Amino acid sequence: MPTISQGGSRPSENESHRARRMAESFGVDAERYDRARPRYPDALVERIVAASPGPDVLDVGCGTGIAARQFQAAGCRVLGVEPDARMAEFARRTGVEVEVATFETWESAGRTFDAVVAGQAWHWVDPIAGAVKAARVLRPGGRLVAFSHVFDLPPTVAEAFAAVYRRVAPDSPLALQPPGDDRSPRQALALYQAMFPKFADGIREAGGFGDPEQWRFDGEQSYTRDEWLDLAPTTGALTLLPPDRLAEVLEGVGAAIDAIGGGFTMPRTTLAVTAARTGAA
């Protein structure tokens with residue numbers, strides 16, 4: 001789900017799971033989503049595999065199968081659960097087994113797993129009901145791991161983007177950036193850093209897990225103008241914008257990138273909250 005918050009109005013971060021229209025809008029262009037969305041750090045995948053008691057992984061909100069294929073490449077057997085049939089069908093074509101359902105309503109039929117993972121997806125799941133379901137399907141010692149990318153746009157780039165959003169999509173979170181406020185590129189990281197403790201609280205309230213811990217992986221990501229414009233329509237409520245408004249956003253953002261040399265590099269943080277299943281199966 002969203003790599004960086006660029007969409008329109010939405011519920012508060014602890015009620016994102018109620019925004020079903022947005023949550024199930026990403027399949028409007030599944031091929032673009034799969035092509036443009038960044039992969040997850042190899043170190044994250046390796047750490048999850050090493051911390052799990054076996055190779056059976058349940059991928060919640062698997063989308064087009066980006067994370068699932070990375071776990072398959074690491075030697076895991078992966079089953080995806082995805083509410084958007086369009087995304088699920090794309091993932092199947094890439095070799096991922098997927099069942100179409102929200103995680104809260106998905107039927108495990110007695111199957112259990114060594115890891116339950118959710119990449120860019122756990123904020124679309126009820127944090128307590130999701131953790132309860134994960135505890136039911138995890139084997140003892142199995143891991144629940146929810147993880148997300150956060151991109152930290154350079155200040156000059158963020159302000160140029162915000163100007164476009166203020167004009168074209170004034171209800172976008174990026175449109176809320178005050179002109180000249182060079183702190184705003186940190187807002188996405190701050191939002192996710194606030195969200196992950198809520199995930200941990202849901203895990204604690206659900207019971208059946210050890211104390212949650214947070215993992216962090218830092219890196220950077222470079223984008224050309226065309227690469228960023230390929231990614232942008234897959235994020236947040238831009239998937240819900242009518243074509244004319246989306247085209248105007250992309251035109252303005254493209255001009256902003258051209259003005260700074262046709263590309264940029266920004267820090268990328270991948271955050272994860274994880275806990276191990278305790279007790280008997």
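This is a predicted model: local features need pLDDT of at least 70, side-chain atom pairs count only at pLDDT 80 or more; totals for chains, interfaces and linings use all residues.
## The big picture

Let's start with the whole chain. The protein has 281 residues, and 56% of them count as buried. Its secondary structure comes to ten helices and seven strands.

Now zoom in on helix H7, residues 155-168, and helix H10, residues 243-259. Their axes come within 9 Å and cross at roughly 155°. Angles over 145 degrees count as roughly antiparallel, so H7 is roughly antiparallel to H10. As for handedness, the crossing of H7 with H10 is right-handed.

Which residues make the contact? H7 brings Ala160, Phe161, Val164, Tyr165, Arg167 and Val168, while H10 brings Arg245, Glu248, Val249, Gly252, Val253, Ala256 and Ile257. Sorted by class, the contact of H7 with H10 has nine nonpolar residues, one polar residue and three charged ones.

## The cysteines

Are cysteine 62 and cysteine 76 buried or exposed? A residue is buried when its relative accessible area is under 20%. Cysteine 62 sits at 6% relative accessibility, so it counts as buried. Cysteine 76 has a relative accessible area of 11%, so it is buried too.

What about disulfides? A disulfide is a covalent bond between the sulfur atoms of two cysteines. This structure holds zero disulfides.

Methods: Residues are numbered from 1 along each chain as its sequence is written. Side-chain values use heavy atoms; hydrogens and water are left out. A disulfide is a pair of cysteine sulfur atoms within 2.5 Å. Buried means under 20% relative accessible area, exposed over 50%, partly exposed in between (1.4 Å probe, protein chains only). Axes are lines fitted to C-alpha atoms, for helices over the stretch in contact, and angles run from 0 to 180 degrees between N-to-C directions. Helices (H or I, at least four residues) and strands (E, at least two) are DSSP runs, numbered from the N terminus. Angles under 35 degrees count as roughly parallel, over 145 as roughly antiparallel, 65 to 115 as roughly perpendicular and the rest as oblique. A crossing is left-handed if the near helix is turned anticlockwise from the far one by less than a right angle, and right-handed if clockwise. Contact means heavy atoms within 4.5 Å. Ala, Val, Leu, Ile, Met, Phe, Trp, Tyr, Cys and Pro count as nonpolar, Asp, Glu, Lys and Arg as charged, and the others, Gly among them, as polar.
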